[in-house]
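Here are my notes on this one, point by point. Have the coordinates open while you read.

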Amino acid sequence: MTRLIVVRLIQLPVIVAAIFMITFACAWMIPGDPLARPEAQRPPQEVQQAMRREYNLDSPWSFLGAYVKKVVTRCDFGPSLKFRDQRVNDIIASGLPVSALLGVAALIVALHLGLAAGVLGALRPGSAVDMSSLAMALIGVSLPAFVTGSVLLVVFAGLLHLAPVGGWGTPRHLVLPAITLGVMPAAYIARLIRLGLADVMSSDYVRTARAKGLSMRRALFSHALKVAFLPVLSFLGPAAAAVMTGSFVVEKVFAIPGLGEHFVNAVLNKDQFLILGVVLVYSVMLVLFNLIVDVAYVWVDPRIELS
Amino acid sequence: MRWLIAILVLDLVLAGALVFNVGEAQRADLVFVSGGGHKFLDPQLVTWLDDIRITECLFEPLVRIKLPEMVIEPAAAESYSVDADGLTYTFQLRPTARWSNGDPVTSSDFIFAWRRALMPDSAAGYSNLLWLIDGGEEFFKWRQAQLQAYAKDEKNNLAEAQRLLDEAIERFGKTVGLSAPDDRTLVVRLARPIPYFLQLCAFATYMPVHRASVEPQASLSIDSGRLVQDPYWTRPDRLICNGPYLLARRRFRRDLLLTANPNYWNRAAMGNRSILERIVTNPSIALMLYESGEVDWLPDIPSTSQLAADLVSAGRRDVHVVPGAGTYFYNFNCQATLPDGAVNPLVDPRVRRALSMTIDREIIVKTLGRLGQPPAYTFTPVGAVPGYDPPVEAGARFDPEAARKLLAAAGYDPQQGGNHLEGLSILYNTGFGHELIAQQITRTWKKHLNIDVTLNGQEKSVFGDRLDNHNFIISRAGWFGDYVDPTTFLDKFESSNNNNDAAYSNAEYDQLLKQAAAELDQAKRMKLLRRAEVIMLHDQPIAPIYQYVELNVYDEGRVKNLNPNPWHFRRLELVRVER
């Protein structure tokens with residue numbers, strides 16, 4: 001396992017660098033001048049050129065060189081070109097914990113809901129409980145986040161006054177957004193668990209154990225679930241990606257000051273530094289999370305060897 | 001059980017994170033929701049409404065606008081006088097006017113701030129508002145040329161940049177009509193008489209900054225030679241201000257908390273001690289927050305949104321529709337040839353007038369505006385400028401019959417052997433409902449004039465570029481006045497004006513504007529400006545469509561002294577909220 005971790009940690013900068021270069025190339029090609037201030041008097045051409053030199057925006061190579069140096073030596077992602085009195089580090093520092101917390105909460109909701117629905121269905125296959133949990137899973141996968149979120153908001157915050165109307169700051173603010181974001185991965189997890197359990201429960205060794213007197217409950221929880229959980233574990237990697245990038249919509253619906261909106265708006269604003277900073281942070285997080293998932297995979301089932 | 005442990009660990013992580021990220025959203029005396037984050041809080045740089053709103057709370061200019069009367073009253077200056085020639089203003093600063101750190105507000109703070117606005121280095125959006133100070137425009141252009149030469153030579157020499165800066169500061173002192181005979185006296189000499197100068201003095205660009213703390217936070221750029229201000233000077237821990245409030249806390253894209261400035265001279269008159277601005281981009285959430293009682297006032301519901309239309313049609317008492325000092329209109333390209341070299345059919349004012357006469361403004365405001373916007377027949381909105389009566393009679397009323405006759409007279413009548421009017425297109429920026437109005441207008445033109453017009457929707461910055469370069473035939477546009485005077489609308493069509501997107505040029509019009517600028521008698525001046533607008537409306541370089549309106553949602557019974565008005569003048573420090 002140590003070897004796995006070390007190899008992955010060596011691969012991390014390579015993967016991140018590749019993502020960075022592709023993003024940089026695309027961002028550089030976006031039309032428009034990020035330094036332009038349409039409301040002010042346009043400066044003469046030479047001054048505009050000089051201003052671009054100030055930010056190293058005159059040539060892609062000088063930008064790359066200066067940028068990489070600043071990031072590597074001082075972890076300084078530069079100034080935001082749209083929000084002129086903010087630095088990218090500050091924007092990320094204010095938005096990342098919010099989005100990360102929302103993401104973790106959503107995944108936990110997903111795991112709990114998904115496991116519960118999947119296990120309940122597997123305990124009574126073919127019953128009303130099983131059918132309804134499968135139906136809920138289908139709905140969960142089909143409904144987009146802005147529909148789920150808006151409905152939850154209107155019902156629980158607007159009508160029943162059980163939850164705050166959007167915003168951020170207390171644990172109560174986390175509930176509805178986490179549910180909204182977690183519903184889709186929950187649906188996938190429910191399906192995976194349900195099918196996995198059905199599979200394992202009909203395998204020879206479980207049937208033998210049941211024949212020898214083991215109760216359904218024990219068979220499921222002590223034996224089958226461990227095996228059925230493995231696909232869920234490997235699903236957590238892409239689930240984390242979906243949750244991180246999908247947070248933009250939920251943040252918009254619930255007025256949450258996360259990083260998601262910058263991920264999208266930075267491109268529209270051609271805010272070079274913010275685009276690169278956010279992409280770097282997201283890609284490092286995603287690669288690390290996938291590493292954690294792989295390690296957990298091996299740890300949970302020692303039979304598995306990841307080559 | 002290992003997997004169970006894994007899940008429990010995850011639960012603990014969340015619980016821990018929840019514990020450390022807990023923070024109670026604070027209440028304040030006045031809570032409102034702003035639709036967007038802030039670009040700057042620097043008074044010399046702000047141009048956006050939501051930035052100006054906050055700047056007005058943090059900084060105090062020489063004079064302020066008294067509401068609801070909309071007259072000038074003393075603020076940082078306790079008295080002021082103007083010479084008979086209307087050129088020289090003398091302000092006496094209030095001895096009790098203080099910065100938040102206790103320093104007295106001095107005339108050199110004002111001169112320093114106005115110099116910042118007049119230097120092209122800062123790229124202030126409203127630097128041209130200071131060009132009316134004697135020598136202001138010349139200084140701006142001179143410094144611009146200095147920087148241009150530096151950038152061209154690619155000198156990249158800090159000592160040289162410093163030398164140029166020193167030279168510029170010296171030149172400013174010598175050539176620009178600003179002087180401070182003592183710490184409490186400010187003398188301003190204008191390039192020509194400006195009847196609305198005191199109004200401009202109330203505007204953000206004319207606000208002072210605390211020179212002692214702001215000046216050291218600027219440094220020279222070796223690449224461009226510009227003096228670049230460290231934008232962090234407006235952070236809560238660094239900002240020193242002279243207005244009714246201090247910047248207590250600012251959380252990016254989240255909220256902004258203002259608390260009463262203990263050193264503000266007029267603390268006793270304030271109606272509240274704290275203001276919380278919550279930043280919520282989603283108007284539906286903003287409305288839910290308001291209805292849940294968490295928020296007192298919603299000034300930023302977008303007027304093009306369905307939500308706005310629903311609020312107005314519901315006839316709620318707390319929804320206040322205020323006519324704005326702005327006009328939604330269409331530009332007609334008035335140049336002889338189009339950018340691609342083809343002859344411009346719109347160069348003939350008869351054609352433009354015919355098109356304008358075939359716009360059914362009533363239908364547009366009823367079905368597309370839906371907020372009770374007044375249809376516009378003049379460029380200066382009716383009722384916006386007290387003492388000025390826009391020439392509505394000179395506007396283009398809906399009369400397709402007369403329009404067809406005009407077109408025929410201009411040679412565009414296919415039935416009589418004339419040309420078919422073709423090649424027209426409407427340029428607009430996407431995403432704000434402009435395409436609906438454009439579709440309505442093209443349909444009406446097709447129906448009554450039998451012409452085909454294509455629609456050309458572009459992304460906002462591309463749209464803006466094309467407008468600047470006159471790269472359009474017809475375009476959608478909007479304009480808000482910056483100060484309470486007809487010239488804020490009419491100057492736009494002066495031949496050399498930067499914002500003359502239609503490229504309209506009429507020597508008589510320009511002459512009238514010039515005459516008005518030199519006229520000291522207000523009544524005569526208004527008459528001259530009215531005559532100019534009549535000429536412009538006759539030529540229809542633009543087709544005014546409707547007057548903008550603003551939505552303000554608040555309970556009049558609880559929120560007092562808000563006084564919404566067409567000009568977005570605000571005195572938030574006087575607002576009182578009863579719980």
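1. Let's start with burial in chain A: of its 307 residues, 38% are buried. Bear in mind throughout that this is a predicted model.

2. On secondary structure, chain A contains 11 helices and zero strands. Reading from the N terminus, the order of elements is α-α-α-α-α-α-α-α-α-α-α. The C-alpha atoms of chain A occupy a box of roughly 85 × 55 × 30 Å along the principal axes. As for contacts in chain A with a separation of 6 or more, 72% of them join residues 24 or more positions apart.

3. One helix pair in chain A deserves a look. Two packed helices are described by the angle between their axes and the distance between the axes. For helix H8 (residues 204–211) and helix H9 (residues 216–254) of chain A, the axes come within 11 Å and cross at roughly 150°. Angles over 145 degrees count as roughly antiparallel, so that is the label for H8(A) and H9(A). The crossing of H8(A) and H9(A) is right-handed.

4. Which residues does H8(A) use to meet H9(A)? On the H8(A) side they are A:Val206, A:Ala209 and A:Arg210, and on the H9(A) side A:Ala219, A:His223 and A:Ala224. Sorted by class, this contact of H8(A) with H9(A) has four nonpolar residues, one polar and one charged.

5. Now the meeting of the two chains. Chain B puts 49 residues in contact with 46 residues of chain A. On the chain B side, at least two residues each come from helix H1 (2–20), helix H4 (136–153), helix H8 (283–291) and helix H14 (460–468) of chain B. H1(B) gives the most to that side, with 10 residues. By class, the side of chain B that touches chain A has 23 nonpolar, 16 polar and 10 charged residues.

6. Domain 1 of chain B covers 2–42 + 236–322 + 551–577, domain 2 covers 49–219, and domain 3 covers 323–549. If you want to check one pair, the C-alpha centres of domain 1 and domain 2 of chain B are 30 Å apart. Their contact takes 29 residues from domain 1 of chain B and 29 residues from domain 2 of chain B.

7. Staying with that contact, what supplies the domain 1 side in chain B? Strand S10 (245–251), strand S11 (255–260) and strand S12 (274–279) of chain B each bring at least two residues to the side that touches domain 2 of chain B. The largest share, three residues, comes from S10(B). By class, this side of domain 1 of chain B has 14 nonpolar, 10 polar and five charged residues.

8. Is B:Pro544 buried or exposed? The cut-off for buried is 20 or more other C-beta atoms within 10 Å, and B:Pro544 has 25 C-beta neighbours inside 10 Å, so it counts as buried. Leaving aside neighbours within four places in sequence, B:Pro544 is in contact with B:Thr327, B:Phe329, B:Ala376, B:Tyr377, B:Thr378, B:Phe379 and B:Gly395.

Technical notes
Residues numbered from 1 in each chain as written. Chains lettered and ligands numbered in written order. Predicted model: local features only at pLDDT ≥ 70, side-chain atom pairs only at ≥ 80, totals over all residues. Axes fitted to C-alpha atoms, helices over the stretch in contact; angles between N-to-C directions. Helix = DSSP H or I, 4+ residues; strand = E, 2+ residues; numbered from the N terminus. Parallel < 35°, antiparallel > 145°, perpendicular 65-115°, else oblique. Left-handed = near helix turned anticlockwise from the far one by under 90°. Contact = placed C-beta atoms within 7 Å. Nonpolar A, V, L, I, M, F, W, Y, C, P; charged D, E, K, R; others polar. Buried ≥ 20, exposed ≤ 12 C-beta atoms within 10 Å, placed from the backbone. Domains from an automatic or database assignment.
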